[in-house]
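Welcome, and please have your viewer open. We will go from stop to stop, with something to select at each one.

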Amino acid sequence: MNLPFPFPVVRWTGQSVRLIDQTRLPGELVFRDCTTVDQLCAAIRELAVRGAPAIGVAAAFGMVLANHRGEPLDEARARLAATRPTAVNLFWALERMAQVADPDGLLAEAEAIMAEDLAMGRAMGEAGQALLPDPCTVLTHCNAGGLATAGYGTALGVVYAAHEAGKRITVFADETRPLLQGARLTAWELQARGIPVTVLPDVAAATVLRQGRVDAVITGADRIAANGDVANKIGTYPLAALAARHGVPFYVAVPSSTIDPATASGDSIPIEERDPDEVHRFGGERFTPEGVAAHNPAFDVTPAELVAAIVTEDGVHRPPYRFASA
Ligand code: MRU
């Protein structure tokens, strides 16, 4: 299949919310049609659609689906809001949809949320790429690319903008245990766009940083608190600490919909705890001894003091960070 870019991550078909099924990548590129709100909630929980901005866009179209099916909107909103707790874009998008007085306007609002996210991706890409030298090697974690957004990307949006500007850019992609968003998704989409990518076991990041092989670490985020603390995929905090240890700048690229001025610091960000089986098993096979416990927090919090810059569609923010409500 010839896949257009920006990627068609979420679409409204007239009857269903159609998603690229990210659980099946990179093996197969298939779409999943959610014809009920419950199916969409399951798709969000299973990470068929994932990444903070993409979750927000999917939830917005979920409200279109609820209206199409004649379901009570308040109840649908509550079920969508209960899918994943950390990505603030989910609650931001649902709040925007709740402000639409006439249900006939829901589709236009969902389309607007998607279009704005694409535009924010391009703008933050442009602002962020100016931070990168030429040539440049970037280390990233998880997937903060087209697949995690309306189609362009945040951290990878910066990489794409640098590539489009003619910079010679290469990427180390942390594999991102336990669900391998880096190995499966970041590697897939960079390869699809012709950008050289090398997948690393998460534990090898320290070594390539120590060897001086990385010019910048760039990640996305699920939520940024008013003081600049960053919640992102588990494993981001150690990467930021390692980057500081080796004098490499650690940047975070987000749309403003990921900034939560109502949350004072990272201590108040709810962190999703996922099924321990994601840690116990690989490819369905259990590899830990029966009876032992596993701890599976999906995100961690990087203290603002480790973040050299936060890039948004408005430009490059430097510490000290003080994000206030618009
Ligand atoms: O659990 P996931 O795959 O939804 O986690 C995604 C991340 O941690 C991303 O880095 C974050 O949402 C930013 S996406 C532009």
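Helices (H or I, at least four residues) and strands (E, at least two) are DSSP runs, numbered from the N terminus. The model is a predicted one: local features need pLDDT of at least 70, side-chain atom pairs count only at pLDDT 80 or more, and totals for chains, interfaces and linings use all residues. Residues are numbered from 1 along each chain as its sequence is written, and side-chain values use heavy atoms, with hydrogens and water left out.

**Stop 1**

Select residues 236–245, which form helix H9. Which of its residues are buried (under 20% relative accessible area, with exposed over 50% and partly exposed in between; 1.4 Å probe, protein chains only)? They are Thr236, Leu239, Ala240 and Ala243. These residues sit on the same side of H9, because they cover an arc of only 100 degrees around the axis, taken from the directions from the helix axis to the C-beta atoms. An α-helix has 3.6 residues a turn, so residues three or four places apart point the same way. After H9 comes glycine 247, with a positive phi near 70 degrees.

Now show the second largest pocket, with a volume of about 190 Å³. On a 1 Å grid over the protein atoms alone, a pocket is an open set of points with protein on both sides within 12 Å along at least five of seven lines, whereas a cavity is a set where a 1.4 Å probe fits but cannot get out; lining residues have an atom within 4 Å of a point. Grid points are joined across faces, edges and corners, and a volume is the space filled by probe spheres set on the points. Of the 14 lining residues, select His141, Arg177, Asp202, Ile234 and Gly235, the closest to the centre of this pocket. H9 gives the most to the lining, with three residues.

**Stop 2: the ligand**

A side-chain N or O atom of arginine 50 is 2.7 Å from a ligand oxygen. For aspartate 222, a polar side-chain atom lies 2.7 Å from an oxygen atom of the ligand. Alanine 52 uses a backbone N or O atom, 2.9 Å from a ligand oxygen.

**Stop 3: the largest cavity**

Which residues lie nearest the centre of the largest cavity? Select Gly51, Ala52, Asn143, Asp222 and Asn232, from a lining of 22 residues. About 190 Å³ of space lies inside this cavity. Helix H2 (52–68) and strand E9 (230–233) each supply at least two residues of its lining.

**Stop 4: two loops**

Go to the loop between strand E5 (169–174) and helix H7 (181–192), where proline 178 is found. The peptide bond that joins arginine 177 to proline 178 is cis, with omega near 0 degrees. Threonine 176 belongs to this loop between E5 and H7. Its phi is positive, near 75 degrees, although threonine 176 is not a glycine, and the residue is buried at 0% relative accessible area.

Finish at threonine 83, in the loop between helix H3 (73–81) and helix H4 (88–98). Threonine 83 counts as buried at 7% relative accessibility, and its side chain reaches the backbone oxygen of leucine 80 at 2.7 Å.

Terms used:
Polar contact = N/O pair within 3.5 Å; in protein donor to acceptor, adjacent residues only side chain to side chain.
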